[in-house]
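This report describes one protein chain for a reader who has not seen it before. Please look at the sequence and the model first.

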Amino acid sequence: LTLLRVRRQAFSQEQGSSFMPYYWRLSGFYFFYFGLLGTLVPYWSLYLKDLGFSAVAIGALMAIPQLTKIGAPNLWGWLADRSGQRLRIIRAGNLLAAIVFLPVFWVDTFWSMAALLVSFSFFWNAVLAQFEVLTLQSLGRQSHRYSHVRLWGSVGFIVAVLVLGEVLDRVGTGVLPWVLSGLLWLLWLGTLTLPAGNAPRAQAGGQGASVWQILCRPAVSLFLVAAFLMQLSHGPYYTFFSIHLEAQGYSKLATGMLWSLGVFAEVLLFMGMHRLLERFSLRQILIASLALTALRWWLIAEFVESVAILVFAQCLHAASFGSAHAAAVETIRRF
């Protein structure tokens, strides 16, 4: 926390006092959004397991938010570009996600749970991509400082994972729907304080390359293939890592600590990411991230019984997500 205060003070001095409200509003959204993710990703599979779902069913249900992420952000992004009402879409997406998630307290069958996750994730996935655009617009010339704002999302993830690990060991996974629902409503309240950004409404027939022309560039196509494979490799980790640890005798608190360790390494990486971007090319950073990610998955698969190796593998989250994500956002911004 002391390190974060120092970074925040330095950041505020660079931006001037007028930027500070934006900094905390943007950072606060990331904090609650990824706090919700820190509740959903490590522990929801355990909740589904306690409801009696099989591994196949758990895998299918945990894949639903990723499936809706294929189409939902594109639809909402198109609406935001055409309407120029990006902030309203962010607020509406959060509100609708909170509302449609309410039946979770009575859902206990596969198809009803699938329907709930489809509707919830359709609206929830409308939010983050639009918020990333809003953040970069608000940062303006200081877009290279994106990681300083984004790191508060990692802090929110760490807090959620650590606190819930202890809580779930004491009271069980039945508390998860209450926590998720509460965070969704807090997240919506947070959107009411967000700045509107400065993007004009998109004009039909405007000049510039079309999206298809951009996608056909070899550099863009290869980047998207690499991003696809990186996401594909994370699928088993996000879905089954907690179950994998539980099968090896790790407690929920220990599981939460291992999850949070990886995100803490990510926080440290974000704090110095702007220096890496100044020293190394995006290509070098992305290649190094992919190589270290492959090493991480191999260590988790082969040496899960070794706490020391598992700790080291989780620290590699700084590469498999931290540097890969920050470099990918910057790559997309440049494209």
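Is Trp188 buried, partly exposed or exposed? Trp188 is partly exposed, because its relative accessibility is 23%; the class lies between buried, which is under 20% relative accessible area, and exposed, which is over 50% (1.4 Å probe, protein chains only).

The model is predicted: local features need pLDDT of at least 70, side-chain atom pairs count only at pLDDT 80 or more, and totals for chains, interfaces and linings use all residues. Residues are numbered from 1 along each chain as its sequence is written, and side-chain values use heavy atoms, with hydrogens and water left out.

**The chain as a whole**

The chain has 14 helices and 0 strands. Both kinds of element are DSSP runs numbered from the N terminus, with at least four residues (H or I) for a helix and at least two (E) for a strand. Of the 335 residues in the chain, 47% count as buried. The chain exposes about 16200 Å², and carbon and sulfur atoms supply 67% of that area; accessible areas come from the Shrake-Rupley method with a 1.4 Å probe, and for residues only the protein chains shown count as cover. Among contacts in the chain with a separation of 6 or more, 83% are between residues 24 or more positions apart. A contact means heavy atoms within 4.5 Å.

**Aromatic rings**

The whole structure holds 28 aromatic pairs. The pair Trp185 and Trp188 is edge-to-face, because the ring centres are 6.1 Å apart and the planes stand at 90 degrees. Rings of Phe, Tyr and Trp (its six-membered ring) pair if their centres lie within 6.5 Å; planes under 30 degrees apart count as stacked, over 60 as edge-to-face and the rest as tilted. Trp185 and Trp188 are separated by about one helical turn, because they are 3 residues apart in helix H8 (residues 176-191). Trp185 is partly exposed, with a relative accessible area of 29%.

Ring pairs also link a cluster that includes Phe29, Tyr30, Tyr33 and Phe34. Further members of this cluster include Trp44, Tyr47, Phe101, Phe120, Trp124 and Phe131.

Gln130 is in helix H6 (residues 127-139). Leaving aside neighbours within four places in sequence, Gln130 is in contact with Pro73, Trp76, Gly77, Ala80, Arg86 and Ile90.

Leu269 belongs to helix H11 (residues 252-279), and His317 to helix H14 (residues 317-334). Not counting residues up to four places away in sequence, Leu269 touches Leu276, Ala318, Gly322 and Ser323. With that same exclusion, His317 touches Tyr238, Gly262, Val263, Glu266, Arg296 and Gly322. Two C-alpha separations go with these residues: Leu269 and Ala319, 50 residues apart along the chain, are separated by 8.1 Å, while His317 and Val263, 54 residues apart, are separated by 6.7 Å.

The table gives the accessibility of these residues.

| Residue | Relative accessible area | Class |
|---|---|---|
| Thr191 | 0% | buried |
| Gln130 | 4% | buried |
| His317 | 6% | buried |
| Leu269 | 16% | buried |

Which residues form a nonpolar patch on the surface? Val211, Trp212, Leu215 and Leu224 do, with about 410 Å² of accessible area together. Patches are made of residues with over 30% relative accessible area and no salt bridge, with like charges joined within 9 Å and nonpolar side chains (Val, Leu, Ile, Met, Phe, Trp, Tyr) within 5 Å; a salt bridge is a side-chain nitrogen of Lys or Arg within 4 Å of a carboxyl oxygen of Asp or Glu. Helix H9 (residues 211-215) gives the largest share of the nonpolar patch, 3 residues. Leu215 lies in helix H9 and is partly exposed, at 31% relative accessibility.

How many disulfides does a search of the whole structure find? The search finds 0, where a disulfide is a pair of cysteine sulfur atoms within 2.5 Å. Cys216 is exposed, with a relative accessible area of 61%, whereas Cys315 is partly exposed, at 30% relative accessibility.
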